[in-house]
Amino acid sequence: MDKCDIQINKTTRNTILAMTTIGTTRSDVANFIQVLRKIALDCEERARNFSKIERSIHED
């Protein structure tokens with residue numbers, strides 16, 4: 001959250017809740033989508049470098 005300058009209202013292990021308001025601009029939404037894309041790419045990169053044990057744990 002601090003790294004990407006976004007505020008997340010609620011998180012669990014597998015989910016996030018992000019809210020918008022009437023004051024949310026198009027650029028705010030674009031930035032949020034860009035941040036989500038970056039997080040997804042980072043997760044995929046980390047997953048590519050998993051060991052066999054880490055991959056098994058991740059898949060479970």
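Colleague: Is Asp60 buried or exposed, and what is its relative accessible area?

Modeller: A caveat before the answer. The model is predicted, so local features need pLDDT of at least 70 and side-chain atom pairs count only at pLDDT 80 or more, while totals for chains, interfaces and linings use all residues. Numbering runs from 1 along each chain as its sequence is written, and side-chain values use heavy atoms, without hydrogens or water.

Now to your residue. Asp60 is exposed. Its relative accessible area is 81%. (Buried means under 20%, exposed over 50%, partly exposed in between, with a 1.4 Å probe and protein chains only.) Asp60 sits in the segment that comes after helix 2, and helix 2 covers residues 52-59. (Helices are DSSP runs of H or I with at least four residues, strands are E runs of at least two, and both are numbered from the N terminus.)

From Asp60, look back along the chain to Arg48. The two residues are 12 apart in sequence. Their C-alpha atoms are separated by 16 Å. Arg48 is exposed too, at 53% relative accessibility. Arg48 lies in helix 1, which covers residues 26-48.

Arg48 has a partner. Its side chain forms a salt bridge with Glu45, and the closest N and O atoms are 2.8 Å apart. (A salt bridge is a side-chain nitrogen of Lys or Arg within 4 Å of a carboxyl oxygen of Asp or Glu.) Both residues of this pair belong to helix 1. Three residues, or about one turn of the helix, lie between Glu45 and Arg48. Glu45 is partly exposed, with a relative accessible area of 39%.

Side chains of opposite charge can pair when their charged atoms come close. Searching the whole structure gives two salt bridges. Besides Glu45 with Arg48, there is Asp42 with Lys38. The N to O distance in the pair of Asp42 and Lys38 is 3.1 Å. These two residues are four apart in helix 1, so about one helical turn separates them. Asp42 has 32% relative accessibility. Lys38 has 38%.

Leu36 is partly exposed, and its relative accessible area is 35%.

Ala18 belongs to the loop that joins strand 2 (16-17) to helix 1. At 35% relative accessibility, Ala18 counts as partly exposed.

Now step back to the whole protein. There are two helices and two strands. In sequence order, the pattern reads β-β-α-α. The C-alpha trace spans about 45 × 20 × 15 Å along its principal axes. Of the 60 residues, 7% are buried. The accessible surface comes to about 5800 Å². Carbon and sulfur atoms account for 53% of that surface. (Areas come from the Shrake-Rupley method with a 1.4 Å probe.)

To return to your end of the chain: Asp60 follows helix 2 and is exposed at 81%.
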